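Please keep the sequence and the 3D view at hand while reading.

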Amino acid sequence: MGPASLRTRVKICGITRAAAEAGADAIGLVFYPPSPRFLSTERAVEIRDALPPFVQTVALFVNADAAQVAQVLGRVKPGLLQFHGEETPQFCAQFGLPYIKACRVKPGADLLKYLGPFSSASAWLLDSFVEAYGGVGERFDWSLAPKRLARPLVLSGGLEVGNVAAAVRKLRPWGVDVSSGVESAKGIKDAAKIAAFISEVRNADV
C-alpha cells in the first residue's frame, strides 16, 4: 500500500455516457453483458472520444474469452485492462497491456494466496464478494484487507461520498474505484455526486 503522502487516484467505473468526471483519473468501460452498465464497442468509442486529455480509459471484463478482449482492444484501444472474474495470470498478461486483477473479499478467504500469482498486474483491486459481479453498492469489512501487498491497492466495493474518506484514511490505497456510489440510476453517473466523492478523497489525502 502506498505512503500517505501520495495522491489517491480515482476511477469512476460503469460509465455509459459522456459525463463531467471533474478530477477523475480514469473511467471504467464495462464489457460484461449481464451488467446494466454494459457497453457496445461503438458506444465505448464515443465515450472515449469525448474525454478530456490525461483521463485513462479502463476496459473491464468478467470471464471473457480472448477473442472478446481482442475485439475491444482493436476498436476501443483502452489504456488499461481490468479483470473481475476467475481469469488466470497467463490470460490476463497475454494482451500486451497493463492490467488490474480484482479479488472479491469475504471472511476466511486467503487474499494473498489468490492474488500472489498475479505478480505481473499493475495493481490488485479488492472488491466485495456478492453473487453478482460488480456495482451493487455493498462494502466489505476493510479490516480483512492485508496490511502489506506486493502490488498497489485499488479499493472498491460500496464506496460512496459518506464513507470514502474513512476508507482512504484507514487503508491508504493507491486508488479508489466507485460505480453505484456516484449514480442517480444504474449506469447513469451523477456529476454532483462525482464531484463530492472526489472532494472527499482529496480531503482525506491532506
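## Basis of the report

The model is predicted: local features need pLDDT of at least 70, side-chain atom pairs count only at pLDDT 80 or more, and totals for chains, interfaces and linings use all residues. Residues are numbered from 1 along each chain as its sequence is written, and side-chain values use heavy atoms, with hydrogens and water left out.

## The protein as a whole

The secondary structure consists of six helices and ten strands. Here helices (H or I, at least four residues) and strands (E, at least two) are DSSP runs, numbered from the N terminus. The C-alpha trace spans about 40 × 40 × 30 Å along its principal axes. For 206 residues, a compact globule would have a radius of gyration near 17 Å, and the 16 Å of this protein agrees with that. This radius is taken over C-alpha atoms, and the globule rule is 2.2 Å times the number of residues to the power 0.38.

Buried residues account for 50% of the 206 residues. A residue is called buried under 20% relative accessible area, exposed over 50%, and partly exposed in between (1.4 Å probe, protein chains only). The accessible surface comes to about 9300 Å², and 55% of this surface belongs to carbon and sulfur atoms. Accessible areas come from the Shrake-Rupley method with a 1.4 Å probe, and for residues only the protein chains shown count as cover.

Contact means heavy atoms within 4.5 Å. Of the contacts between residues at least 6 apart in sequence, 54% join residues at least 24 apart. The protein carries 24 positive and 19 negative side chains, and the centres of the two sets lie 4 Å apart. In this count Lys and Arg are positive and Asp and Glu negative, while His and the chain ends are not counted; the place of a charge is NZ of Lys, CZ of Arg, CG of Asp or CD of Glu.

## Parallel strands

Two strands are said to pair if DSSP finds at least two bridges between them. Strand β5 (residues 99–105) pairs with β6 in the parallel sense over six bridges, and I100 stands opposite A123 in β6. On strand β6 (residues 123–128), six of the six residues are buried, so this strand is largely enclosed by the rest of the structure. Strand β6 is also joined to β7 (residues 153–155) by three bridges, and these two run parallel.

Strand β1 (residues 9–13) pairs with β8 in the parallel sense over four bridges, and K11 has D177 in β8 as its bridge partner.

In a regular strand the side chains alternate between the two faces of the sheet. Strand β8 (residues 175–178) is covered on both faces: G175 and D177 on one side are buried, as are V176 and V178 on the other.

A59 belongs to strand β3 and is buried, with a relative accessible area of 0%. Not counting residues up to four places away in sequence, A59 touches L29, F31, V72, P78, L80, L81 and Q82. A59 and L81 are 22 residues apart along the chain, yet their C-alpha atoms are separated by 5.0 Å.

P89 lies in helix α3 (residues 89–93) and counts as buried at 18% relative accessibility. Leaving out residues up to four places away in sequence, P89 touches Y99, P117 and F118.

## Residues in loops

Most residues other than glycine have a negative phi, and most peptide bonds are trans. N63, in the loop between β3 (56–61) and α2 (66–76), has a positive phi near 55°. N63 is partly exposed, with a relative accessible area of 43%. K77 also has a positive phi near 55° and lies in the loop between α2 and β4 (80–83). K77 is exposed, with a relative accessible area of 57%.

D141 is placed in the loop between β6 and β7 and is partly exposed, at 43% relative accessible area. D141 and A166 are 25 residues apart in sequence and 13 Å apart in space, C-alpha to C-alpha.
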